Amino acid sequence: MTSADLTHALLHERAHHDACRAALAAMVEGAGEQVVTGEDVSASGADAEVLGRRLRSRAKALRELPEGPLFFGRLDFGPDAGDHSGQRYHLGRLRISEHPAAPPLVVDWRAPVSRAFYQAGARDPLGVAVRRRFGWAPGSSGDSADLTGLEDEHLGAGEDRTSDLVAREIERPRVGPMRDIAATIQPEQDDLVRASLATSVCVQGAPGTGKTAVGLHRAAYLLYTHPQRVHRGGLLILGPNRAFLSYIAEVLPSLGETGVRQATLLEEIARHPVRAEDSARTAAVKHDPRLAEVLRRALYAHVTPEAAVPLVLREESSRWRLDADGLRAIVAGVRAEEPPYDTGRERVRTRIVRALQVQAERRAGPRPATWVRGVERAVRPHLDAMWPRVRPEEVLAALLTDPDTLSAAAHGLLDADERKALLWPKPPRSWKSARWSSADLVLLDELAGLLEHPPGNGHVVVDEAQDLSPMECRAIARRAAFGSLTVLGDLAQGTTPWAARSWPGQLAHLGKPDAAVVPLTTGFRVPAQVVDLANTLLERLDVDVPAARSLRPDGELRLRPTAAAGLPEQVVTAVREALAHEGSVGVVAADRDVPALRTALEAAGLTPAAPDARPGARLTLAPASLVKGLEYDHVVAVEPATIAESEDRGLHRLYVVLTRAVSRLDVVHARPLPFPDPSDGR
C-alpha cells in the first residue's frame with residue numbers, strides 16, 4: 001500500500017468510525033427510551049417483567065461501555081465465500097447499527113461471521129480475501145480514540161505474515177485493571193472461547209498464555225450466543241481472592257456484558273463470618289474428600305427408624321393405625337431412594353399421612369382438608385423421632401465436639417490422629433456460639449447440600465482451579481450439577497497444601513470427569529527470558545505439565561546480588577529505575593518481609609499500593625501469597641530463597657512470583673538463588 005493509499009484508507013476508516021460513534025449514541029438514547037416507555041405493550045405479567053429486565057440491562061450495558069475504539073478489525077470476503085461473497089464487515093466489541101433493521105456498521109466479535117477473523121490463515125483463508133487490523137491511540141481534543149494505522153493481510157493471495165499491530169497490542173504497557181483481548185485472540189484461544197455451552201473444558205495454561213482472558217471471553221460468548229438460557233440458568237465467575245476479582249472486573253463490561261456475578265468461593269458459600277483459624281494439620285483433614293462420607297454418616301445418624309412406635313389415630317368410633325414395622329418400612333423405602341435429607345423427611349411425612357388417609361377413605365369416603373391437616377399434626381412427633389429436622393451447624397458442631405459421634409461417623413475412614421485433629425480443643429456451649437473457620441464453612445456447605453440441593457448455575461468459570469481442595473471442588477460441583485464449567489489453572493502454580501497434581505482427579509471432584517483438558521503453552525505476554533528462568537524451576541515441581549514457551553524475545557532479566565544489609569536500598573534503586581519506564585511496577589516478596597520493605601520504600605518517598613486496592617497504581621507492594629493471577633510490566637522479586645522456604649510448596653510460589661512480569665524482571669537477593677544463574681549458561 002502506497003503512502004497516498006494509506007492516507008486515503010485512514011480518512012475513509014475515520015469517517016466510518018465517526019458514523020459508528022453517532023450510531024452508538026443513538027442506540028444508547030434509544031435503549032433508555034425503551035426502558036421508560038416499554039418495547040412491547042402487549043407483554044404482560046411475567047413476560048413484561050422479563051422484558052423490562054432485559055431492556056434495563058441493555059441500557060445499562062450501553063451506558064457503561066468504556067471509551068475506546070468501536071472496531072478493531074475488518075474482513076473483506078472474496079467472490080467464493082458463499083453468503084458472504086463480496087461482503088465487508090467491521091468487527092468490534094458489540095454490534096452497532098443505525099436502526100435495528102439496518103445492516104450493521106460494526107459486527108459483534110462473537111457473531112459467527114467473525115470467527116474467520118481469528119481462524120483464517122494463508123493455508124485456509126476461509127473465504128477471506130483481506131483481513132485488516134487497526135492501530136489506535138488515546139484520543140485528543142476530547143475524542144475517545146484516534147485511528148493511527150492499519151495493516152492488511154491478503155490471505156486470499158496466500159500472504160502469511162506476523163502482525164505488528166497484534167504484537168504491539170499484546171506488549172502494550174498497562175496500568176490498571178485487566179483489558180479484554182477481543183482484538184488479539186489467537187486461533188487456539190478462539191476454539192476454547194467458542195466451545196459449546198453444553199461442553200465443560202479445562203484449560204491447563206502456562207503463564208502468559210491468556211487462560212484467564214479465555215475464560216472471561218468464553219463467558220461473554222455464551223451470554224451472546226445463548227442469552228436466555230445463560231441468564232435463566234445463571235453465570236458465575238469464581239476467583240481466588242478479591243485482589244484478583246478487582247483486577248479482572250472490567251473485562252466483561254468492556255465487552256458489553258454487565259451484571260455477571262463475580263465472587264470468591266468463600267463468599268459464595270459463607271453462612272457465617274470466619275472467626276477462627278485452623279492449624280495446618282486440621283485444615284488438611286477438613287479439606288480431605290473422605291470428610292464428605294464422614295459428614296453424610298453424621299447427618300443420617302439422625303435418621304432412626306428404630307425409634308418408631310405404633311401410630312394410632314382415633315376419630316369418634318373409628319381408629320386408624322400404622323404399626324412400628326409399617327413406619328420403619330416407609331423410612332427404609334425413602335432412604336433407598338437417596339433423596340436430599342429434607343426431601344426425604346417430607347416424603348416420609350407425606351407417605352405416613354397418605355397411608356392413614358387410605359385407611360380412613362376405605363371406610364368413610366374422601367376426607368376434607370381439615371382432616372388431613374389434623375393428621376399431619378398428629379404425625380409430626382413420630383416424624384421428628386424417626387427423621388428429625390436438623391441444621392448443618394448442629395451436625396458439624398456435634399461432630400467436632402463429641403469424640404464418640406466423630407468416631408462413629410469416621411469409622412474406617414479416619415485414624416485416631418486425624419480424628420483428634422478435627423476435635424475442637426475448647427468446644428462452644430452450643431453451635432450458636434461456635435467460631436467457624438474457613439474450612440468449617442466448606443463443611444457446612446457440604447452438609448447444606450446433603451439437606452437440599454443449592455441453586456444451580458447454567459455455567460461457572462473457575463479460575464486458579466488447581467488450588468481448590470477436593471471439598472471445595474464439591475461445593476462448585478453442586479452449583480453446576482446441571483450446567484457446564486470452564487476450569488482454568490496451571491498445576492505448576494498450585495500453592496495450597498491440597499493443590500491438585502493432575503487434572504483428571506480434580507475434574508472428578510468438580511463433577512465433570514469427562515471434561516477435555518486443553519493445554520495452552522505459548523505465552524504472548526511473559527518474555528522468553530522470564531519463561532526460560534521459570535522453566536528451570538518447573539523441572540523441580542511435582543507436576544506433569546508441558547514447559548511454556550514465549551513469543552516475546554524482547555524482555556529484560558536482571559539479577560541484582562547484594563549484601564543483606566543493603567537489600568532494602570537495592571530494592572529502592574530497582575524500583576526507581578523501573579518507574580522510569582512505562583507501565584506498572586510490582587514489588588513482590590515473602591509475606592513476612594513486606595512490612596520492612598514498605599517502610600524502606602516510604603522512607604525513600606515511594607508510596608506503594610496494596611494488591612487488593614483498586615487497580616491503577618503505578619507501584620504496588622505485594623506479598624507473594626497474593627499475586628497469583630495478577631501481572632505487572634516490571635516485577636522486582638525480592639529474595640527468592642526466602643519465598644521458596646516460606647511454605648511447603650514454596651518453589652511453586654516462587655514460580656508464580658517470577659512469572660508475574662510481562663516486560664522486565666529484577667531479582668534482588670542477598671542469599672544464594674534457588675535456581676541456576678542464567679548467566680552461567682546452564
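Q: In which helix does Ala280 lie?
A: This is a predicted model, in which local features need pLDDT of at least 70, side-chain atom pairs count only at pLDDT 80 or more, and totals for chains, interfaces and linings use all residues. Residues are numbered from 1 along each chain as its sequence is written, and side-chain values use heavy atoms, with hydrogens and water left out. Helices (H or I, at least four residues) and strands (E, at least two) are DSSP runs numbered from the N terminus. On that basis Ala280 lies in residues 280–286, which is helix α11.

Q: Is Ala280 buried or exposed?
A: Buried means under 20% relative accessible area, exposed over 50%, and partly exposed in between, with a 1.4 Å probe and protein chains only. The relative accessible area of Ala280 is 66%, so Ala280 is exposed.

Q: How far apart in space are Ala280 and Ala336, C-alpha to C-alpha?
A: In sequence, 56 residues separate Ala280 and Ala336. In space, their C-alpha to C-alpha distance is 38 Å.

Q: Which residues does Thr642 touch, not counting residues up to four places away in sequence?
A: Thr642 is found in helix α25, residues 640–645. With a relative accessible area of 6%, Thr642 is buried. Contact means heavy atoms within 4.5 Å. By that criterion, Thr642 touches Ala590, Arg592, Asp593 and Arg671.

Q: What is the strand order of the open sheet of five strands?
A: Two strands pair if DSSP finds at least two bridges between them. The pairing in this sheet is mixed, and the order is β3-β2-β1-β4-β5. β3 (107–108) and β5 (145–153) each have a single partner strand, so one side of each is left without a neighbour in the sheet; the strands at the edges are β3 and β5.

Q: What is the bridge partner of Arg74 in β4?
A: Strands β1 (residues 73–77) and β4 (residues 128–138) run antiparallel and are joined by five bridges. The partner of Arg74 in β4 is Arg132.

Q: Which elements do the buried residues of α22 pack against?
A: Eight of the eleven residues of helix α22 (residues 528–538) are buried, so this helix is largely enclosed by the rest of the structure. Among the buried ones are Val530, Leu533 and Leu537. The packing partners are β15 (549–550), β16 (556–561), α26 (650–658) and β20 (661–669).

Q: How many residues of helix α20 are buried?
A: Helix α20 covers residues 470–479 and is mostly covered. Its buried residues include Met471, Glu472 and Ile476.

Q: What percentage of the residues of the chain count as buried?
A: The chain has 26 helices and 20 strands, and its C-alpha trace spans about 105 × 75 × 45 Å along its principal axes. Of its 682 residues, the buried share is 52%.
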